[in-house]
Amino acid sequence: AAAAAGGGEGAAAETPAAGDADDADEGDDAAEDGKELTAAQKKKLKKKQKEKEAKEKAAADKTKKSGAPSAAILKLQEEVAARKKWEEAQAKAAEEERRAAEEAERLEKEKEAEEEERRRIKKEKEKEKKDRLRAEGKLLSAKQKAEQARLAAMREQMLAKAGGEGEPEVVKPRKLTATEERKKKAEMLERRKRQAEEKAAAEEKARQEEAARLAAAEESDDAADDWEAEDWDDKDIVLPGQKEEEERLKKEAEEAEAKRKAKEKADAEAAAKLAKEREAKSKLASEKPWAAKAKEKAAAKADDSESEGDSDSDSDSESDSDDSDDDSDSDSSDYSDSSDYSEDSDDIRQREHEERMAAAKKLRLARFEAAKKLRSPSRLRCPIICIMGHVDTGKTKILDNIRRTNVQDGEAGGITQQIGATFIPDVSMRERTQQLNKGDWDLRVPGLLVIDTPGHESFTNLRSRGSSLCDLAILVVDIMHGLEPQTIESLNMLRSRRTPFIIALNKIDRLYDWKANENFPTRETLGLQKDFVQREFKDRLQKIVLAFAEEGLNVAPYWDNPDPRTFLNIVPTSAITGEGMPDILQLLVDLSQTRMNERIQYVPAVQCTVLEVKMIEGLGTSVDVILINGKLKEGQTIVVAGLEGAIVTQIRALLTPQPMKEMRVKGSYIHHKEIEGAQGIKVVATGLEKAVAGTALLVLDEQDDVEELKEEALSDMKGVLARVDKSGEGVYVQASTLGSLEALLEFLKSDAVKIPVAGIAIGPVNKRDVMGASVMHERKRPEYATILAFDVPVTKEANAMAEELNVRVFTADIIYHLFDQFTAYMDKVKADRREAASAHVNFPCILQIMPNCVFNKRDPIVVGVDVVKGVARVGTQICIPSQGYIEIGKIASMELNHKQVTKATAGQSVAMKIEARTATESSRLYGRHFDHKDQLVSAITRESIDMLKENFREELTKDDWRLIVELKTKYEKFSGETI
């Protein structure tokens, strides 16, 4: 047994010997069988023993390695884990503290912003209140209050004196307008509906209370014993509270009867009133074409309402509702259940309003025609002369020579950018034409009013405005350049308005070897020139005559004019030396007094047009107007068209420049209590900030209807507001005048620019404008966070805020300099956008690999290619359609004739390096996945197409766009998906 136990203990330790024992047994068995081990068996046996020894050794090593870690290692691991946990807690606490601080800061900023917004709204409300009170005449100065008190005292004295004489005068109530009447009736209908609803609610409540009482009575009856045995039909039962309930119901019935009688009485009175109104309306509409139709419709509705009334008279509740309906009909006479007034009332009121407006306009025009009959050939007004032509032809210089001023040199860049007016009195004209007429001149006009217009291409609106006002025009042509674009544009404007004009052939002093004779008449100074100078003049004159003939006009020098009715007069002039100026003045006056005598006869009715809207320091917003006829006075009420509706205000001041001075040049003004036309006037009044240039200024007389004048003023707005437009997203535009603002808007709307406008303003750039422009950053359009400021100052606060909010402010005194600045900025923005988009855009191309130009077969692939179609550009993703549209990478670089290029067009052969972006693309191998027989094309995606449209539309030709469509269609057919 001990030996057996010892054998059991050693079994585990001596396990490796088991194999040997087996092999030995196997060998013994082989020996016992009488067989000798062969060499192969011996070798195999040794090999198995070695393998077993190796396995045993590996198992021993594994057992040794998988032993438990020591205590020191465990302690160290615990310390590391604790430290890591502590660091995470610290980081989490710091993050929470930072978030709390940020949240507190955000809340503080929001609170400050809300407080600032509240203060701003409060200020705006106070300002609006003051403006409203000022417009209503309630916000009076101390002087006006004293005057009002004095008038009130005088009125009281007069009433006191007349107190004992006869009966007091009965003041008739003011007749309500259609709008006020409609509003009053609507309020009455609403009040009656509310009363009916309250009554219905009260009745419903009473019914509910009665039902509750009955239920309580039934429950009290249930408490009686043996109630089934009682004969309830034979008993006179008195329920609890029955007597009080009967008294209450009786009282309510009496009150309802009294109300019904009162309603019937009111209905009768209202019916009589409605009958009178219908009779009056029928008389009014008896001669109208729509009267018969309205009557038929009314009769049909009346029949329907009567039949409904008969059928509804069976039940008391329905009769009550009919009573309420009839009550509303009889009271309002034009609501939902009225027989003919309900649906036709709006049409009738609209027609009545239109008829009233038409009648008021007819009366106003009749008064104007009556005033025209009072004109006389003996009293003429100043003819209005408009001077037009191409930029830099000398328009302002001609006026400077006539006025003896130097306005042109004071203008930014020497070009006119605003529209202006100058009054030339008769005394000055006599003095300037003395040498021409020798003092023998029949001058009957009080002077000339000359309007100077800009010649720059952007100011089409101002040239149009000037040409529409004038009686006569001067078209200035440069003798050295002939007809130029704006000259032809001005010519077409004058022809479209059938305005007579003369041609000033300016700059004759620039002819070679011209001898200047200051202020000489043209014919005299031409006679003093050398023969070759006169020949050059005649040659250039013939070219000008030919150019006008090509435009369909006959022209001739005014002294050789064969027929003034069919030939236009040419007057050669020099704005520098003054030669020809006497001829122009005399010719203008003679044409006005002879051929246009009836047109320039003075009419004692106001005809006035707004020329410009301007800001003046110390006076506020004013309007430059041309008073053609009539008289303007201080304190008169005027009506002007505005951007947000008609403006009704009072004239505070009438200012004119000094005689022979330009209106648009700052200087001392002459104040007038009243002034007659024709004259250029600066009108100062409140609320003119939104006035629109190019519209009529109307004066409100006692006989005029203010609503009709408002409609008349706004009728001119259609053409003007078509140019003054703004959208929700775009740049901000500010200018000194509305005319300049319109020119800027025309530039931004042109095909070359096409920039939207988010806001417009007249006057200096301030913080509010900068804040408005900064909104574009929030709308993800930073390129539009821009202000274009023409001829206006920018405050220091606005500049500081613009730097803080990253808003660009472009300023210039010359309009085309501003255009150049903004165009350069937009070009830079587009270039930056294209550069950013180039990494994501694929230009359309089809490439063919040249088999003898394969330089590297795997990433990067370097091959020579022919550009079959389209444009190969660096950054374009390349794929292979014939191999299932596998992608091989992006074009990294290209060489043409050993020079780096960024793009290659159809027909060129270039060396191209294609770099892989992903592991899949880097595995592509030339010769295995594709070869020279496969075409390479650009990968077309929706993102790429959108970016091409947005940023590279102008760079791609029609053939390129066709190739995009072709590649897109092929890929959609292959994938079965729409791009």
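User: With which residues is threonine 637 in contact, leaving aside its neighbours within four places in sequence?
Analyst: In this predicted model, local features need pLDDT of at least 70, side-chain atom pairs count only at pLDDT 80 or more, and totals for chains, interfaces and linings use all residues. Residues are numbered from 1 along each chain as its sequence is written, and side-chain values use heavy atoms, with hydrogens and water left out. Threonine 637 lies in strand E11 (residues 637-642), where helices (H or I, at least four residues) and strands (E, at least two) are DSSP runs numbered from the N terminus. With contact taken as heavy atoms within 4.5 Å, the partners of threonine 637 are Val648, Thr649, Gln650, Leu698, Val699 and Leu700.

User: What separation do the C-alpha atoms of threonine 637 and arginine 652 have?
Analyst: Along the chain, threonine 637 and arginine 652 are 15 residues apart. Between their C-alpha atoms the separation is 9.9 Å.

User: What share of the contacts in the chain between residues at least 6 apart in sequence joins residues at least 24 apart?
Analyst: The secondary structure of the chain comes to 28 helices and 28 strands. Of the contacts between residues at least 6 apart in sequence, those joining residues at least 24 apart make up 71%.

User: At what angle do helix H23 and helix H24 pack, and are they roughly parallel or roughly antiparallel?
Analyst: Axes are lines fitted to C-alpha atoms, for helices over the stretch in contact, and angles run from 0 to 180 degrees between N-to-C directions. H23 (residues 767-778) and H24 (residues 796-805) have axes 9 Å apart and an angle of about 15 degrees. Angles under 35 degrees count as roughly parallel, over 145 as roughly antiparallel, 65 to 115 as roughly perpendicular and the rest as oblique. H23 and H24 are therefore roughly parallel.

User: Which residues of H23 and H24 make the contact?
Analyst: From H23 come Lys767, Val770, Met771, Ser774 and His777. On the side of H24, the contact is made by Glu797, Ala798, Met801, Ala802 and Leu805.

User: How many residues of each class are in the contact of H23 with H24?
Analyst: Ala, Val, Leu, Ile, Met, Phe, Trp, Tyr, Cys and Pro count as nonpolar, Asp, Glu, Lys and Arg as charged, and the others, Gly among them, as polar. By these classes the contact holds two charged, two polar and six nonpolar residues.

User: Where is asparagine 806, and is it buried or exposed?
Analyst: Asparagine 806 is placed in the loop between H24 and strand E20 (808-812). Its phi is positive, about 60 degrees, although it is not a glycine. Buried means under 20% relative accessible area, exposed over 50% and partly exposed in between (1.4 Å probe, protein chains only). Because its relative accessible area is 54%, asparagine 806 is exposed.

User: How many of the residues of helix H11 are buried?
Analyst: Helix H11 spans residues 395-403 and is mostly covered. Its buried residues include Ile398, Leu399 and Ile402, and H11 is followed by arginine 404, whose phi is positive, near 65 degrees. The number buried in H11 is eight of nine.

User: Which peptide bond is cis, with omega near -5 degrees?
Analyst: Proline 860 has its place in the loop between strand E21 (845-856) and strand E22 (861-873). The cis bond runs from aspartate 859 to proline 860.
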